Amino acid sequence: MNVSLTPRLVDYVRQKVDAGLYGSSSEVIRAALRLMEERDRQREAALTVLRSDEPRAGDDDVIDPVDLFDKLKDAVGGRM
């Protein structure tokens, strides 16, 4: 696989390697992709909660915002 980066991103990756945070540019890219996967998983979990608690037409139920927040926090692993 070949990936092209903007000069700004190339500099950013080099800074991370030069700072000793990563052993190579490939490690930086893999870490970034793992974070993207986690963010996507959290977003999907949050959307699942929102869809399941969404009021239905004609329902008189009111969603408790604190309860909804707690459910969202649980869905994304407590990171909110």
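Residues are numbered from 1 along each chain as its sequence is written. In this predicted model, local features need pLDDT of at least 70, side-chain atom pairs count only at pLDDT 80 or more, and totals for chains, interfaces and linings use all residues, while side-chain values use heavy atoms, with hydrogens and water left out. The mean pLDDT of the protein is 85, and 86% of the residues score at least 70 (pLDDT is the predictor's confidence in each residue, from 0 to 100). Helices are DSSP runs of H or I with at least four residues, numbered from the N terminus.

Helix α1 covers residues 7-18, and its end C-alpha atoms are 16 Å apart. This agrees with the span of 16 Å that should result from 12 residues at 1.5 Å a residue, the expected span being 1.5 Å times one less than the number of residues. G20 follows α1 and has a positive phi, near 80°.

The largest nonpolar core consists of seven residues: A45, A46, V49, L68, L72, A75 and V76. Such a core is a set of buried Ala, Val, Leu, Ile, Met, Phe, Trp, Tyr and Cys residues joined through side-chain atoms within 4.5 Å. At least two residues of this core come from each of α2 and α3. A45 is located in helix α2 (residues 25-52). With a relative accessible area of 17%, A45 is buried (buried means under 20%, exposed over 50%, and partly exposed in between, with a 1.4 Å probe and protein chains only). The C-alpha atoms of A45 and L72 lie 7.8 Å apart, although the two are 27 residues apart in sequence. Leaving aside residues up to four places away in sequence, V76 touches R41, Q42 and A46, a contact being heavy atoms within 4.5 Å.

D74 belongs to helix α3. In contrast to A45, which is buried, D74 is exposed, at a relative accessible area of 61%. A C-alpha separation of 10.0 Å is found between D74 and Q42, which are 32 residues apart along the chain.

The largest pocket is lined by L5, L9, Y12, V13, K16, Y22, V28, I29, A31, A32 and L35. Two or more lining residues are given by each of α1 and α2, and α2 supplies the largest share, five residues.

Terms used
On a 1 Å grid over the protein atoms alone, a cavity is a set of points where a 1.4 Å probe fits but cannot get out, and a pocket is an open set with protein on both sides within 12 Å along at least five of seven lines; lining residues have an atom within 4 Å of a point.
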